[in-house]
Amino acid sequence: QAPAGRTRRARGSLSREEILSAAREIVERDGLRQLSMPTLAKHLKSGVASIYWYFRNKEDLVDALAGLVLHDIHQQLPPAGDGPWDEELIAYFAAFRELLLSLPAYREIVAYAPGSIAHSRLTRAAQRRLDEGLHLLTLAGLSHQAATDAFAACLNFTRGFVTMEQGVIVSDAARAATEAAGSTDSLTDRDRDVAYLNALGEQQFMYGLRLMVRGISAEALSPP
């Protein structure tokens, strides 16, 4: 029987899934930079050694967390439809952006540990979504390599935009300009232009995405 007042959980009562779930909670609440093995152990009311039994170090833990979050994303992404390739590609990444806005753990990993995303193995759901995206681009007339490059460009644009949109890497000046864009009555024309240029939101994202799709279309039509 455990001594009176004991708060630490019994040895062997942890699981890999429980550790990852707790790590995700910490990242979503406090950010990835606040995640550490001692912090995680305190959150789980366990010893640090119990966590090291499952994960060699923080990098190993974050790699596993990235794989978990990626799985969630690709399970929730809607499948591509059978409309024109350009409309379907825009809808695909618009849905991807909406999903990322609801997943702070993914944004934190993209911003501060992008290598963990690269290390993650593609699940069947992820591979299916990737194949669908590449198929849309081959319908535009791109080779497999060109389709892969174009898809990567749209993917990185979306991830980077959402990361900035949520203020993870946006400067104080840019945030102030974004707020000012909502109330410009007292601003000069130049100030309004600056505020608009630094604003981040759905309108700016969709405009940029459409420009990328137009560029992809032009690339597909250009002679080899």
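Visitor: Is Phe157 buried or exposed, or does Phe157 count as partly exposed?

Guide: In this predicted model, Phe157 has a relative accessibility of 23% and therefore counts as partly exposed. The reasoning needs one cut-off: buried means under 20% relative accessible area, and exposed means over 50%.

Visitor: Where do Phe157 and Phe161 lie?

Guide: Both residues belong to helix α9, which covers residues 144–165. Phe157 and Phe161 are four residues apart, about one turn of the helix. Phe161 is buried, with a relative accessible area of 9%.

Visitor: Why is the pair of Phe157 and Phe205 called stacked?

Guide: The ring centres of Phe157 and Phe205 are 5.4 Å apart and their planes lie at 10°, so the pair is stacked. This pair links distant parts of the chain, since Phe157 is in helix α9 and Phe205 is in helix α12 (residues 202–221), 48 residues apart. Phe205 has 0% relative accessibility and so counts as buried.

Visitor: Which residues do ring pairs link into a cluster?

Guide: The cluster consists of Tyr92, Phe93, Phe96, Tyr106 and Phe151, linked by ring pairs.

How values were computed. Residues numbered from 1 in each chain as written. Predicted model: local features only at pLDDT ≥ 70, side-chain atom pairs only at ≥ 80, totals over all residues. Heavy atoms only, no water. Helix = DSSP H or I, 4+ residues; strand = E, 2+ residues; numbered from the N terminus. Buried < 20%, exposed > 50% of the residue type's maximum accessible area, 1.4 Å probe, protein only. Phe/Tyr/Trp six-rings, centres within 6.5 Å; stacked < 30°, edge-to-face > 60°.
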